Amino acid sequence: MSASVDSLVARIADVEARLVEHASRPLPTSLTDPDPGAEERWEAGQVWAHLAEFPHYWLSQAQRVLALPTTEPVPFGRVKTDAGRIQAIERERHTDPAALMERVRSQLAEVTDAVRSWTPEEWARRGIHPTRGEMTVERIAETFIANHLEEHADQLDGLASDG
């Protein structure tokens with residue numbers, strides 16, 4: 001296993017521990033700060049709903065890139081306005097964070113198993129995202145799974161400190 005895989009797995013484990021701690025606390029009542037250049041603010045339930053749906057989604061997108069037999073970049077991904085993403089967040093925003101955390105844990109175990117199994121050639125395979133352009137599978141996993149988890153854990157940290 002390469003150092004980058006070890007680092008990715010360690011980051012996922014670290015963020016999982018942070019999320020477990022947040023799931024054991026009462027939901028904060030404040031709203032997140034908007035993303036840079038955006039206006040949308042979320043309540044904690046929306047953050048949890050998103051956390052419970054995106055690791056599996058992005059893992060499946062990376063696996064899609066790996067599954068298609070081509071040397072060309074494989075189209076993958078979605079944007080923030082994706083109807084399925086919005087519906088999942090709305091549907092689950094009032095679900096208990098502890099229940100959502102169980103889903104997150106299961107998905108992170110899947111992600112960890114998958115990334116440990118990928119060969120160096122698979123890590124280098126390329127996809128093309130609708131707004132971010134061409135990315136390797138390594139960059140997909142780092143950006144859309146590890147970084148994304150950390151960003152939402154940071155949001156929960158901020159909400160907890162506001163409460």
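This is a predicted model: local features need pLDDT of at least 70, side-chain atom pairs count only at pLDDT 80 or more; totals for chains, interfaces and linings use all residues.
Student: Before we start, which residues count as charged here?
Tutor: Lys and Arg count as positive and Asp and Glu as negative, while His and the chain ends are not counted. The place of a charge is NZ of Lys, CZ of Arg, CG of Asp or CD of Glu.

Student: OK, and how far apart are the mean positions of the positive and negative charges?
Tutor: They lie 3 Å apart, for 17 positive and 28 negative charges in the chain.

Student: What's the chain built from, in helices and strands?
Tutor: Seven helices and three strands. Helices (H or I, at least four residues) and strands (E, at least two) are DSSP runs, numbered from the N terminus. The order from the N terminus is α-α-α-β-α-α-α-β-β-α.

Student: Why say the radius of gyration agrees with a compact globule?
Tutor: Because a compact globule of 163 residues would have a radius of gyration near 15 Å, and the chain has 16 Å. That radius is taken over C-alpha atoms, and the globule rule is 2.2 Å times the number of residues to the power 0.38. The C-alpha atoms fill a box of roughly 50 × 30 × 25 Å along the principal axes.

Student: How much of the chain is buried?
Tutor: Buried residues are 41% of the 163. Buried means under 20% relative accessible area, exposed over 50%, and partly exposed in between (1.4 Å probe, protein chains only).

Student: Which residues of α2 are buried?
Tutor: Ala44, Gly45, Gln46, Val47, Trp48, Ala49, His50 and Leu51. That makes eight of the eight residues of α2 (residues 44-51), so the helix is largely enclosed by the rest of the structure.

Student: Switching to the sheet: what's the strand order?
Tutor: It's an open sheet of three strands, ordered β1-β2-β3 with mixed pairing. β1 (74-75) and β3 (133-136) are at the edges with a single partner strand each, so one side of each has no neighbour in the sheet. Two strands pair if DSSP finds at least two bridges between them.

Student: How does β2 pair with β1, parallel or antiparallel?
Tutor: β2 (residues 126-129) runs parallel to β1, with two bridges joining them.

Student: What does Ile128 touch?
Tutor: Leaving aside neighbours within four places in sequence, Ile128 is in contact (heavy atoms within 4.5 Å) with Pro73, Val74, Pro75, Phe76, Gly133 and Glu134. Ile128 and Pro75 are 53 residues apart in sequence, with their C-alpha atoms 4.8 Å apart in space.

Technical notes: Residues are numbered from 1 along each chain as its sequence is written. Side-chain values use heavy atoms; hydrogens and water are left out.
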